[in-house]
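The structure comes next, and my notes follow it.

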Amino acid sequence: MIHPGVYAACHVKQLKEAQVPQVPQTFFDALAVRTWCALALAALGRAREEIDAINVYPVADGDTGTNLYLTLESACAAVEAAFAGHGTGTGPAGTPGIPTVADAARAMAHGALIGARGNSGTILAQLLRGMAQVLAAEADGGSAGVDGPGLCLALRHAADAARQAVAHPVEGTVLTVASAAADAATAADGDCGTVARAAYEGASAALAATPGQLAVLGRAGVVDAGGRGLVTVLGALVETFRGEAPGGGTTGGAGAARVRVPARSEVVEARPAPDGPDECADVVSGSAFEVIYLLEAEDAAVARLRERLDGLGDSLVVVGGDGLWNVHVHVDDAGAAVEAGVEAGRPYRIRITHFGAGDVHTGGGRPPRERVQRAVVAVVPGEGLAGLYGEAGATTVLARPGEPPASGELVEAVRRAHAREVVLLPNDADLRHTAAAAAEQARSEGIRVALIPTRSAVQGIAALAVHEPERRFDEDVVAMTSAAGATRYAELAVAERQSWTMAGICQTGDVLGLIDGDVAVIGSDVTATAEAVIDRMLQAGGEMVTLVLGDEAPESIAAHLEGRVREGYLAVDTVVYRGGRQGALLLIGVE
């Protein structure tokens with residue numbers, strides 16, 4: 001477990017290195033955006049564990065603080081990139097190296113959008129986007145910065161935008177806290193510091209009242225975790241304009257801790273037990289999976305997607321605009337949620353997390369942060385396989401062609417799995433060192449990790465098929481490793497240029513059949529090449545052929561190859577999956 005002080009110290013150092021001004025800001029300009037982001041990130045780093053610990057709604061998976069931190073970290077990185085891009089140029093009023101407030105605000109919003117994690121992180125991204133739209137509009141109107149009334153408008157627009165992004169808004173959540181902050185800011189009269197302080201106080205009061213609005217919070221004796229995170233972010237806004245956090249000290253420390261968390265006994269005495277299902281309607285999400293992805297799509301397609309996903313699950317939040325969206329939903333059918341995104345546009349950076357039984361808080365006295373015993377984390381090359389692995393209970397990391405995941409992404413996936421023991425499937429020979437580094441990092445955090453060196457997604461499918469969480473960890477790992485090792489793998493790809501291969505010289509556009517990583521067949525027709533590859537693989541025997549079709553594979557290839565195997569190899573079964581945009585035309589496994 002990473003101590004919150006490590007986050008804080010790290011980002012205070014980054015703050016100094018970036019030369020972010022520590023003096024109070026007068027107007028909401030680009031420097032204020034930068035300062036606020038950095039202070040808020042450091043404050044969330046200090047408060048992360050506390051926020052994680054009180055996370056009971058909509059799913060008690062104990063990661064709200066971490067998700068908010070990672071979302072804001074992405075926003076900060078984008079703002080720093082905007083400043084770096086102006087390092088040799090000229091900013092407002094001839095100021096060297098300073099972007100406009102519009103550039104900084106848009107960078108903040110975009111960074112949060114592409115880096116949003118979890119339900120609360122996705123809502124925070126929309127709050128920042130709402131603020132950025134007002135800040136950018138003011139700047140486009142010729143203003144170098146926004147004053148107090150402009151900040152009021154930004155907070156109001158942010159709260160409204162966040163509420164509109166949630167399919168079924170629930171009171172007693174971060175939405176309530178954001179609305180209260182906007183209401184208090186609107187009633188204030190003064191500069192940015194005065195408005196920010198009013199927003200913070202209004203949010204704090206609303207946060208303290210959340211246990212009385214949401215039954216699951218009342219039973220657990222905690223305030224809303226997402227709202228607690230927003231109060232921390234608003235505390236950093238006060239510090240940006242006043243030079244000191246509310247109540248003195250640092251944001252996220254003593255100042256932010258003044259919001260009182262009621263004791264469980266007090267809540268039980270103050271609120272009678274619910275009598276029927278209606279009073280429990282706001283308890284928790286009961287879905288099995290959390291699905292998150294970025295989506296490139298038109299507005300009309302996103303409107304249809306909202307309706308489709310709303311019928312599939314709950315906790316639906318769709319944020320963004322201008323062709324780029326972040327989609328978050330809790331569902332029982334992860335594959336259907338991904339397929340809905342494919343129908344709407346181009347989904348990518350797909351993350352599917354399986355909620356273990358120990359993660360769902362039912363108000364029966366179970367601890368909100370109970371880890372599951374064991375989980376599987378797998379790298380997958382396409383959206384279809386992400387759904388397949390997710391339905392089998394794995395936490396997935398999507399690897400798009402030319403975009404292999406970094407070790408940090410794998411570590412984060414291991415954390416999201418929220419398990420004491422994790423089996424890691426890299427499913428790519430080129431990821432073995434990356435996966436090994438991620439495994440070591442996770443082990444240093446107290447998680448038991450076994451790395452199975454799967455070299456293809458079909459080997460991962462074979463390993464997942466024999467996975468039994470009830471077995472001893474070592475026995476399970478041995479069984480999964482054996483199944484993966486007994487699976488020969490192949491893929492079909494198109495040659496991008498003339499080249500020498502193990503099978504001879506290929507020309508641009510030739511179809512290449514790679515077996516166990518080496519080119520074994522060169523052909524001109526996809527189906528004929530696939531036949532030749534399967535024949536070679538089955539010469540050494542086999543009981544099952546697995547086919548994973550890419551989006552660009554011919555429509556008829558699956559039925560043709562199934563018939564070919566059925567007629568030529570009587571004792572061999574065939575199973576077909578659709579992998580989506582997976583890079584390869586076809587993945588083949590023989591076991």
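I looked up Asp516 and found its place in the loop between strand 12 (511–515) and strand 13 (518–523), where strands are DSSP runs of E of at least two residues and helices are runs of H or I of at least four residues, both numbered from the N terminus. Its phi is near 50°, a positive value in a residue other than glycine. Asp516 is partly exposed, with a relative accessible area of 29%; I take buried as under 20% relative accessible area, exposed as over 50% and partly exposed as in between, with a 1.4 Å probe and protein chains only.

I note that this is a predicted model, in which local features need pLDDT of at least 70 and side-chain atom pairs count only at pLDDT 80 or more, while totals for chains, interfaces and linings use all residues. Residues are numbered from 1 along each chain as its sequence is written, and side-chain values use heavy atoms, with hydrogens and water left out.

Asn427 also has a positive phi in a residue other than glycine, near 55°, and I located it in the loop between strand 7 (419–425) and helix 16 (432–444). At 9% relative accessibility, Asn427 counts as buried.

**Strand 7.** I then went to Glu421, which is found in strand 7 and is buried, with a relative accessible area of 9%. Leaving out residues up to four places away in sequence, I list Gln373, Arg374, Ala375, Arg448 and Phe473 as the residues that Glu421 touches, a contact being heavy atoms within 4.5 Å.

**Whole chain.** I recorded 20 helices and 16 strands in the chain, and buried residues make up 57% of its 591 residues. Among contacts between residues at least 6 apart in sequence, 72% join residues at least 24 apart.

**Helix 13 and what covers it.** How many of the eleven residues of helix 13 are buried? Eight are, and I therefore wrote down helix 13 (residues 334–344) as mostly covered. The buried ones are Ala334, Gly335, Ala336, Ala337, Val338, Ala340, Gly341 and Ala344. The cover over these residues includes strand 1 (289–296), helix 12 (299–312), strand 3 (324–331), strand 4 (346–354) and helix 14 (383–391).

For helix 14, I noted Glu383, Leu385, Ala386, Gly387, Tyr389 and Gly390 as its buried residues. Just after helix 14, Gly393 takes a positive phi of about 100°.

**Cavities.** I found four cavities of 30 Å³ or more; a cavity is a set of points, on a 1 Å grid over the protein atoms alone, where a 1.4 Å probe fits but cannot get out, and lining residues have an atom within 4 Å of a point. The largest cavity holds about 120 Å³ of space, a volume being the space filled by probe spheres set on grid points that are joined across faces, edges and corners. Its lining has 13 residues, of which Leu127, Met131, Leu155, Leu230 and Leu234 lie nearest the centre. At least two lining residues come from each of helix 5 (118–140), helix 6 (148–165), helix 7 (174–187) and helix 10 (225–242), and helix 5 gives the largest share, four residues. I sorted the lining into 13 nonpolar, no polar and no charged residues, with Ala, Val, Leu, Ile, Met, Phe, Trp, Tyr, Cys and Pro counted as nonpolar, Asp, Glu, Lys and Arg as charged, and the others, Gly among them, as polar.

**Cysteines.** I found zero disulfides, a disulfide being a pair of cysteine sulfur atoms within 2.5 Å. Cys152 counts as buried at 13% relative accessibility, and Cys506 counts as buried at 2%.

**Two further loops.** Tyr57 and Pro58 are joined by a cis peptide bond, with omega about 0°, and I placed Pro58 in the loop between helix 2 (30–53) and helix 3 (64–85). Gly212 has its place in the loop between helix 8 (192–209) and helix 9 (215–220) and is exposed, with a relative accessible area of 53%.

Note on methods
On a 1 Å grid over the protein atoms alone, a cavity is a set of points where a 1.4 Å probe fits but cannot get out, and a pocket is an open set with protein on both sides within 12 Å along at least five of seven lines; lining residues have an atom within 4 Å of a point.
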